[in-house]
Amino acid sequence: MSANTAAGTTGPAEPRHRSLPKVPFWAQIVAGLVLGALLGWLARSQDIGWLVTTLDKVGHLFVQLLKLAVGPLVFFAILVSITNLRKVNNAARLAGRTLLWFMIMSLIAVAIGIAIGLITNPGSGTDLTPKDGKLPEHSGSWIDFLTGIIPTDVITPFSELNVLQIVFMAAVAGIAVLQVGERAKPVLTLSEVVLELLQKALWWVIRLAPLGTIGLIGYAIASYGWNLIGKYATFTADVYVGCALVLFGVYPLLLATVAKVNPIQFFKGAWPAIELGFVSRSSVGTMPVTQKAAERLGVPKTYTSFAVPFGSTTKMDGCASIYPAIAAIFVAQIFDVHLGIQDYVLIAFVSVIGSAATAGLTGATIMLTLTLSTLGLPLEGVGLLLAIDPILDMMRTATNVAGQIVAPVIVAAREGILDREAYDAATASPVDDLSSASEPREKELSPAV
């Protein structure tokens, strides 16, 4: 028998072991939403106390794991992002353009919120009265906002999770590293390594999001039921419609007309971050996914490493623009207070200037109290909205996260540094793929003349 004949002889076929297909992250989240809603309804309708407690513990544990990484993540992300600006040509111009578009988008969002509130009158037709309100445990004022930026020590901001103070310390540390120069290189190297470790650990938490979804959604329904949503039906619809108009109307329009890119491609690349923001209710907790999504959409990493952390702590179209505008009108109607044109101008001012008060955490209570105190409205109005806040916060945060990607895409496109081939090739993918995706090709960050 020749060697060729022997080589051509085939024996019994080897059995193939097929691995189970990978379930996309969005499908895991949807499954978590459905299962959480069913378990919440079951726990409430059958009065199953242990199930309510279990759902509460699962959701609370997921949020606590996210918060555990927030303080150090924000500090090192801001520090490293500031030092990364040294690699960027015309960094000051790029930072200025980013801030400008943050403000423009916030103004558009708050205008939509005010318009919806004036058209629908969310506070009328409810059986809520001023007696139903109560003072919030924590409130915000301009004095607190301005004086609260500077911490009294370096430990308290991390233990109390005061993100605004953490951002301040990180900015000071980053500028100091730049000023010291080469001698500070060991500090910068250590910061980059710690940031990478924190992001890796946060990826593990993010993969638990489907389980967290079951707990968060299930507990919300088990605790409040659909009757609560019915009492706040108009207000809830207003917030969701306002966020949807910005998310699926304003953002695509800006992408198509200003950045001149395909909006559908944007949602393909950004969707993992948007859906995680919806579930986690934390812009900062979503930051690693947000940054990866922006990079996949062709925004250079040296720019996203600045723009995304900056946006995750200050760019809040949902929490700081749409929601406070509608909520202020809602509270004014409950307490029978007339709002004039100057009051709506103040709402817009607070939304643009004070948005950093939300600081990327779950909830927007501080921003709302800041708005109400500026308008002279009773802070007891915050208590009227605390029960419904978790349900509203999901859509608000999804809108926040989307805006935190839209702005860098617009700036990169206008400055001529957007990798349009990468943008056009962006596809929806599971978070697992995003976490291990290869780094996108970098472009020279020199603005187009």
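D47 sits in the loop between α2 (25-45) and α3 (49-84). Its phi is positive, about 55°, although D47 is not a glycine. Most residues other than glycine have a negative phi.

Before going on, a word about what we are looking at. This is a predicted model, in which local features need pLDDT of at least 70 and side-chain atom pairs count only at pLDDT 80 or more, while totals for chains, interfaces and linings use all residues. Residues are numbered from 1 along each chain as its sequence is written, and side-chain values use heavy atoms, with hydrogens and water left out.

Now the overall picture. The protein has 20 helices and zero strands; helices (H or I, at least four residues) and strands (E, at least two) are DSSP runs numbered from the N terminus. Of the 449 residues, 53% are buried. For contacts, meaning heavy atoms within 4.5 Å, take those with a separation of 6 or more: 85% of them join residues 24 or more positions apart.

How many residues does the largest nonpolar core have? There are 114, and those with the most contacts inside it are F235, F266, Y303, L385, I405 and V409. A nonpolar core here is a set of buried Ala, Val, Leu, Ile, Met, Phe, Trp, Tyr and Cys residues joined through side-chain atoms within 4.5 Å. Not counting residues up to four places away in sequence, F266 touches L255, L297, A402, I405, V406 and Y423.

F266 also takes us to a helix pair. In the contact between α10 and α11, residues Y240, L247, F248, P252, L255 and A256 of α10 meet P263, F266, F267, W271, I274 and F278 of α11. By class, that contact has twelve nonpolar, no polar and no charged residues. The axes of α10 (residues 233-259) and α11 (residues 263-280) come within 11 Å and cross at roughly 145°.

Staying in α10, we find Y251. Y251 counts as buried because its relative accessibility is 1%. Leaving out residues up to four places away in sequence, Y251 touches several residues, including M105, K315, D317, T399 and G403.

Y323, in helix α14 (residues 317-334), counts as buried because its relative accessibility is 2%. Its C-alpha atom is 8.6 Å from that of C243, a residue 80 positions away along the chain. Q291 belongs to helix α12 (residues 287-296), and at 10% relative accessibility, Q291 therefore counts as buried. Setting aside neighbours within four places in sequence, Q291 is in contact with Q199, T304, S305, V308 and P309.

Let me finish with another loop. R281 lies between α11 and α12, and its phi is near 60°, a positive value in a residue other than glycine. Is R281 buried or exposed? R281 counts as buried, because its relative accessibility is 14%.

Key: Axes fitted to C-alpha atoms, helices over the stretch in contact; angles between N-to-C directions. Nonpolar A, V, L, I, M, F, W, Y, C, P; charged D, E, K, R; others polar. Buried < 20%, exposed > 50% of the residue type's maximum accessible area, 1.4 Å probe, protein only.
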